[in-house]
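Please read it beside the structure.

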Amino acid sequence: MKIGAYGEVMLRLTPPEHLQLEQTHTLRMAYTGTGVNLVGNLAHFEIESYLLTALPDNRLGKAALANLKSLGIQTAYIVQQHQHIGTYFAEMGFGARPTEVTYQNRKSSSFSLSPIEAYDVKQFIEQVDMLHICGISLSLTEITAQTAITLAKEAHAAGKIVCFDFNFRPSLNQEPGKKEQMKQRYEEILPYCTIVFGSTRDLVELMQWKTEVSVSENETAFIQSFLAHYDITWFAGTKRQVINHEKFLSGYLITPTDAFEIPKQRLEVLDRIGAGDAYAAGILLGFAEGWSLEETIAFAIANARLAHAIQGDVPLTTRKQVKQLLEHPDTDLIR
């Protein structure tokens, strides 16, 4: 199965050695974004993976394109125009100090300014079997929101599998009336989706979903009522817990008739940015290859745990590494 994603490529700038911005004159560069993380990880799983996006038409855009190719991502449908790339600074936390992300330039980036007419949409949809759309595209600009919705409609009409990740970012939705606008956009795109990544918080706070059974009474039934309304096949997500100062991660996968939640797994966090995309990549791999719910979620949560132990956003995991963790979880040296 060939999998494609529509999403923003971002430049991540990270001070070395857990330093804060005030403490350094050096920054590490990396190219990232939900779409990059997802299809980059799938490429490492030997899945033919494509990215539909726009990069600047300058040296920075060329460097980003070279980096995407090095990850194994197919770049035939990436256009280069305009001058800017969305950027963020990641000050890595330690102990009581959390990691802090500062965004800049996102709404004037090449991606945010490029309308659907800039892309070879027809050929892209014909090329892939599954399309992933990040919910951040609904938040950035009217251009990216309408492109995402149109892509979902056209891919669905062509018989392709459409995947959608809520990925709500409060920092992009602070204007008055923005939450109501986002709800309308979600309602517009969801009827075309087969797989959705999200949480009950997304359904309650963003979608304002109501049914006969409340989320506190029966979380699974609450989510399944949402799936039935939009004819969604899979709904997946993760839950984080801190118990006695230790971090844990669990995952769930819900269908209209079934549900599976894997018990919480202990986390050791080097870099958590992009780990949710690793979970999503595992879920899409399981769906693409017809795995059981249990096998899919076990692989996805193991992949996410490994991603937490890799510096940088892109999960550079392989099937062999995930299998190693699943079968020999206590191994700490491989020779």
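**Aromatic rings and charges**

1. Arg 106 sits over the face of Tyr 103, 4.6 Å from the ring centre. A charge counts as over a ring if NZ of Lys or CZ of Arg is within 6 Å of the ring centre and within 35 degrees of the ring normal. Lys 264 lies over the face of Phe 248, at 5.8 Å from the ring centre.

2. On provenance: the model is predicted, local features need pLDDT of at least 70, side-chain atom pairs count only at pLDDT 80 or more, and totals for chains, interfaces and linings use all residues. Residues are numbered from 1 along each chain as its sequence is written, and side-chain values use heavy atoms, with hydrogens and water left out.

3. Rings of Phe, Tyr and Trp (its six-membered ring) pair if their centres lie within 6.5 Å; planes under 30 degrees apart are stacked, over 60 edge-to-face, and the rest tilted. By this rule there are 16 aromatic pairs. Phe 164 and Tyr 186 are edge-to-face because their ring centres are 5.9 Å apart and their planes are at 65°. This pair links distant parts of the chain, 22 residues apart: Phe 164 is in strand E9 (residues 161-165) and Tyr 186 in helix H7 (residues 178-189). Helices (H or I, at least four residues) and strands (E, at least two) are DSSP runs, numbered from the N terminus.

4. Buried means under 20% relative accessible area, exposed over 50%, and partly exposed in between (1.4 Å probe, protein chains only). Phe 164 is buried at 0%, and Tyr 186 is buried at 0%.

5. Ring pairs join Trp 209, Phe 226, Tyr 230, Phe 235 and Tyr 252 into a cluster.
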